[in-house]
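Please work through the following exercises with the sequence and the structure at hand. Each task is followed by a solution in steps.

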Amino acid sequence: MNERHEHLGRLLTDAATRLGPGPPWLVLGTVPLDRPTAGSDAVAGGEELRRWVRRHVDVWPAPIGIAAEPPELHPDRTVFTPPGRPAGTYYCELHATGSALGAVQVGTLKESPSDGGEVWAIGEGALAWLTIALLRLLTSYAAHATGWGGAGVEARIIPAAGEGRVVPMEVWNHDGGAYGRAGVRRLATAGTARRTVDLASCLSPALTATARPLVLDLLRRFGLSESRHIDPAGILRRSHFTGHDELIRTWADAIGVPSAP
């Protein structure tokens, strides 16, 4: 298991060098516990894999461009990224071993009400649904490659890259009515959430309950002890995705996970 954790760490650390400046990145990586099965269709590259990824991403509650462009083909992996370097908005790489990584930029520049300082405001709801969506995409790929075993999963919030002043990060939500700071901590860097998951659970109604500990681990870095968006039973609380409850309902129904008002 230590070898898997080391592989996960390298996967995320290597990817961080290819992520562009701007808002922070939510990054998830998965490493299956078993080796790829012979003849797996998950290790196919090119247009077939692009269409497979788009079938996942097209049902997401917000438009993300993963696999909208033809992929970059490498001997050991297929990469989906916007044109240009470094990557901006999104980044995804799917390895022939069944390992995979997905990254999406999150957060907007805001003036913090507490002291007027500039911060990257990361929406708690976005953090929740993107963690679920990326976990489903990456574990589905691992399951196609290796069968119904397990996988190591690691999630990180990587601060914006680039030179100059470091803008700290806060988690924001609508708990008080207006959109504002939710946690008690403002961070220049955020830690790592790491779990071992059952692949079959990630492709079932138990997906949200499986993703919840990862979301909680990330929120705790900012001083939050609970998630407003995924309850302890793994049910998505649609009304807490303020202004997006119908989009969340449609997405939840499409992927077969429980939701409630």
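**Exercise 1.** Determine how many bridges join E2 to strand E3 and in which sense the two run.

*Solution.* Strand E3 covers residues 77–80, and two bridges join E2 to E3 in an antiparallel arrangement; strands (E, at least two residues) and helices (H or I, at least four) are DSSP runs numbered from the N terminus, and two strands pair if DSSP finds at least two bridges between them. Next, locate Leu73: its bridge partner in E3 is Thr78. The model is predicted, with pLDDT of at least 70 needed for local features and 80 or more for side-chain atom pairs, while totals for chains, interfaces and linings use all residues. Residues are numbered from 1 along each chain as its sequence is written, and side-chain values use heavy atoms, without hydrogens and water.

**Exercise 2.** State the strand order of the open sheet, then identify its edge strands.

*Solution.* The seven strands follow the order E2-E3-E4-E5-E1-E8-E11, with antiparallel pairing. The edge strands, each pairing on one side only, are E2 (72–73) and E11 (192–198).

**Exercise 3.** Describe the hairpin of E9 and E10.

*Solution.* E9 (residues 169–176) and E10 (residues 178–181) pair in the antiparallel sense over three bridges. Gly176 stands opposite Ala178. One residue lies between the strands, and Gly177 takes a positive phi near 100°.
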